[in-house]
Structures are given as structure tokens and as C-alpha cells.
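Visitor: I would like to learn how to read a structure like this one. Where should I begin?

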Amino acid sequence: MEPFALLSLFIVALSYGATACMLTCMPLLSPILLANSATRRQSLRVLLPISLGRISGYIFLSLIAYMGASMVKSIISDTTLMGYLLGSITLILAGRLWFSLKTSSCCSTSTQTPQETIGLFMTGIFLSMSLCAPVITMMTLSATTPSLIWAIAYGAVFGLGATLLWFLFFSVVLTAILKESLIHLSRYRVVLQHTAPLLLAGVGIAIFNGWIHL
């Protein structure tokens, strides 16, 4: 029963990651990728911490469901609070992107700092806290399983399924589109890269005020 449930959950997660989740994440991730020149290497540096954060978040939700921690569940289900947290992280990332662009104009190389990686990782965690139907299905399975190991497995399998096609789309398809756009609009490259943090800040404000729900 458990292996079949894992397979079914993985298929549900794949469809979730390839549809609703992919579309809702575009306003958040597009400015970040654009500000990082939309190269494959830079996109991977952005997407890997977010993906690991999402998988960790789903495992956390699975454990919460297994242990029946009602207080934590009520906090997670508070969409206003989660909006404040994700909006704040997004605004911080926008500020760091803006200042990193200013710094890179004086330096030929730029590396991702540990603070930026942590911010992206936390963004991934908060993105996973959207309690939609597929996530609730995963939590229900975790709550009814008799084993902690299976609860962790449910969260990990769901996280892998939800991020697999999502990761491929943003790292391959969207990165290529943004890169081609920068090539064709090369004269506006600097303007576009400096506009991206402002767009990201706008998304952060919208999330913070509850105008956008991710």
C-alpha cells in the first residue's frame, strides 16, 4: 500500500509542479533570473537553493501532519502571516539584488554570498507553505501513516515531484527565453537588469499586502 501511495503522490506532485505552482512562481522568479543575467549557471545558483528549500518545506509539513502539531498547523494555515513572511524575504532579496548590481558595476566578478543562498532557501520553504489540495493530500497521507520514516518519505517524494518539472522549466525554458530577450535587447541590458529588482520589490509588496498569493 505504501509504495503505491508514494507513486500516486509523486504523480500528483508532478502535475501540481507543472501547472499551478509553475505559473504562480513566475512573477517571483522571473525578476531574480533576469537580474542574474539569465545565464544557465546563474539560474542554477538561484534555483537550487529554492528547490532544496521547497523540498525541505514539504518534509516539514509532512512531519507536522504526522506529529499532529495543531499550533504549527494553525500558523501555517494563516495566509496573512505567511504572506508577511514571504513578502519580507522577497523585499530583502530585491534589495540585495539591487546592491549586488551596483557592486558588480565596479567589479568584474560576482559570487553568491551565503546570506543570498539562505534567503533563497527560505523563499523555497515559504513557497511550500501554500496549503492547496495536493499539499493537503500529502499531509493527510503523512498523518495516517504509522511510521515516521514513511512520513518523511511522503514529504520528500512530494517535494521531488513538485520541483522536478518546475526546476526544468525555470532552468531551461524560462532562462533561455530571458537570455534571448537580453541578447535582442542588448542596448537595454543594464536597464532591464536594474529594473528586475524593482519588479521583484513590487512583487514582494504585493505578496506582503495579500494582493498576490503564491
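Predicted model: local features only at pLDDT ≥ 70, side-chain atom pairs only at ≥ 80, totals over all residues.

Visitor: How many helices and strands does the protein chain have?

Guide: The protein chain has nine helices and zero strands. Read from the N terminus, its elements are α-α-α-α-α-α-α-α-α.

Visitor: What share of the contacts in the protein chain with a separation of 6 or more comes from residues 24 or more positions apart?

Guide: Such residues account for 85% of those contacts.

Visitor: How should I read the interior?

Guide: In soluble globular proteins, nonpolar side chains tend to be buried together. Here, 43% of the 214 residues in the protein chain count as buried. The largest nonpolar core holds 50 residues, and those with the most contacts inside it are Val-135, Phe-158, Trp-166 and Phe-170. Several helices supply at least two residues each, among them α1 (2–18), α5 (79–104) and α9 (189–208). The largest share, 10 residues, is from α8.

Visitor: Which residues does Trp-166 touch, not counting those up to four places away in sequence?

Guide: The partners of Trp-166 include Gly-17, Cys-21, Met-22, Leu-47 and Arg-54.

Visitor: Is Ser-30 buried or exposed?

Guide: Compare its relative accessibility with the cut-off: buried means under 20%. Ser-30 counts as buried because its relative accessibility is 17%. Ser-30 lies in helix α2. Leaving aside neighbours within four places in sequence, Ser-30 is in contact with Leu-174 and Leu-178.

Notes: Residues numbered from 1 in each chain as written. Heavy atoms only, no water. Helix = DSSP H or I, 4+ residues; strand = E, 2+ residues; numbered from the N terminus. Buried < 20%, exposed > 50% of the residue type's maximum accessible area, 1.4 Å probe, protein only. Contact = heavy atoms within 4.5 Å. Core = buried A, V, L, I, M, F, W, Y, C linked by side-chain atoms within 4.5 Å.
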